[in-house]
Amino acid sequence: MAIILFFIGLWYASLFCQTFFQHRYAAHHAFSMTKSWERVFFVLSYIAQGSSYMSPRAYAIMHRMHHAYTDTEKDPHSPSFSKNIFSMMLHTRKVYVGIFKGTTELEPRFTKNLPEWPAFEKWANSTFSRLLWVAIYVAIFIFFAASPWLYLLLPIVIGMGAFHGGIINWFAHKYGYQNFKLKNTSNNLLHIDILMLGESYHNNHHKHPSSLNFGVKWHELDPIYPVIRFLAWAKVIKITKPVLVYSGK
Ligand SMILES: [Zn+2]
Ligand SMILES: [Zn+2]
C-alpha cells in the first residue's frame, strides 16, 4: 500500500510541475512570476521529477518546436515519424540532450523569455544526480514493497517525467476527439481529465497554447486552472497578458 501511495503521490507531483512550470509557464508564458518564485519551482520540479527531471529551458525550447513543426519531420515527437511510443521517446530524448548541451542550432524565435539557472541545471541534469535518485527509489521499494509485483512500477517511477510526456505526445496525436479543426493531428484524449491534470485536452491546447484553462467544454475540467487562480490570488504568480505567446500552427 505504501508503494502505491508513493507512486500516486509522485505521479501527481511530477505531472503538476511539468504542466504548471515547464509547460504552461516556461514554454507558453501563460502567467509570470518573480525570479525567486521561479527558483522555488526549479527546486520543487527537481524534487518531484528526480531521475527524470527536465530542464525547464530545454523543455520549453523543444516544446515550442513541437507547436511550430507539429506532425512534420522537424517535430521533436511526432507519432507520424516514429514506429512506436518508445522510439518516439528515444528520439525526443536525443533532441532534448542536443538542446540542453547546446549542440543543436536553435532558431532565435524559440529562445526568448526562458527560465535560466545554469549552475542548478548542470547538477540536476547530471548522470550522478539521476543515479542518486534511482538509488533513492530502489531503497524506497526495498523497504516498502510488500509484493515483488510492485517492482513493475519502478521503471515508471524512474522515467516518470518522460512517460507523462510520451503519453500525451503519442496518444493525443493519434486518438481522441477534436473541438477544433486544426491543420494537425492533435486530439483531446479524455472527456474528464483528472489523470493527466488537463494535459490531455491537447486539441484545445494546440488551438489556444497560452490559455490559463486547457478545458473548453463544460465537462472538460482542468484541475490546474483553479490552482493557477489560487496562486495568482496568493501573489505567487501574476496573470498578465502573455509576454510571449508561441502558438505555432
Ligand atoms: Zn501536440
Ligand atoms: Zn504546449
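## A residue between α4 and α5

Asn113 sits in the loop between α4 and α5 (118–124). This is a predicted model. The phi of Asn113 is near 50°, a positive value in a residue other than glycine. Asn113 has 13 other C-beta atoms within 10 Å, so Asn113 is partly exposed.

## Overall fold

The chain has ten helices and zero strands. Its pattern along the sequence is α-α-α-α-α-α-α-α-α-α.

For 249 residues, a compact globule would have a radius of gyration near 18 Å. The chain has 18 Å, which agrees. Along the principal axes, the C-alpha atoms fill a box of roughly 50 × 40 × 40 Å. Of the 249 residues, 35% count as buried. Take the contacts between residues at least 6 apart in sequence: 66% of them join residues at least 24 apart.

## The nonpolar core

In soluble globular proteins, nonpolar side chains tend to be buried together. Here, the largest nonpolar core has 34 residues. Phe21, Tyr25, Ala26, Ala58, Tyr59, Ile61 and Met62 have the most contacts inside this core. Six helices each supply at least two of its residues: α1 (2–27), α2 (35–49), α3 (56–68), α4 (85–101), α8 (160–171) and α10 (224–233). The largest share, eight residues, comes from α1.

Met62 is one of the core residues with the most contacts. Which residues does Met62 contact, leaving aside its neighbours within four places in sequence? They are Pro76, Val95, Tyr96 and Ile99.

## How α1 meets α2

Two packed helices are described by the angle between their axes and the distance between the axes. For α1 and α2, the angle is about 145° and the axes are 8 Å apart. Their crossing is left-handed. From α1, the contact uses Ala13, Ser14, Cys17, Phe21 and Gln22. From α2, it uses Phe41, Leu44, Ser45, Ala48 and Gln49.

## Helix α8

At 1.5 Å a residue, the twelve residues of α8 should span 16 Å. The end C-alpha atoms of α8 are 16 Å apart, which agrees.

Which residues of α8 are buried? They are Met160, Gly161, His164, Gly165, Ile168, Asn169 and Trp170. An α-helix has 3.6 residues a turn, so residues three or four places apart point the same way. The buried residues of α8 pack against α1, α2, α4, α7 (154–158) and α9 (202–207).

Asp71 lies in the loop between α3 and α4. Asp71 is not a glycine, yet it has a positive phi of about 65°. Is Asp71 buried or partly exposed? Asp71 counts as partly exposed, because it has 17 C-beta neighbours inside 10 Å.

Lys217 is found in the loop between α9 and α10. With 12 C-beta neighbours inside 10 Å, Lys217 counts as exposed. Lys217 and Asn179 are 38 residues apart in sequence. In space, they are 8.6 Å apart, C-alpha to C-alpha.

Terms used. Residues numbered from 1 in each chain as written. Chains lettered and ligands numbered in written order. Predicted model: local features only at pLDDT ≥ 70, side-chain atom pairs only at ≥ 80, totals over all residues. Helix = DSSP H or I, 4+ residues; strand = E, 2+ residues; numbered from the N terminus. Rg over C-alpha atoms; globule rule 2.2 N^0.38 Å. Buried ≥ 20, exposed ≤ 12 C-beta atoms within 10 Å, placed from the backbone. Contact = placed C-beta atoms within 7 Å. Core = buried A, V, L, I, M, F, W, Y, C linked by C-beta atoms within 7 Å. Expected span 1.5 Å × (residues − 1). Axes fitted to C-alpha atoms, helices over the stretch in contact; angles between N-to-C directions. Left-handed = near helix turned anticlockwise from the far one by under 90°.
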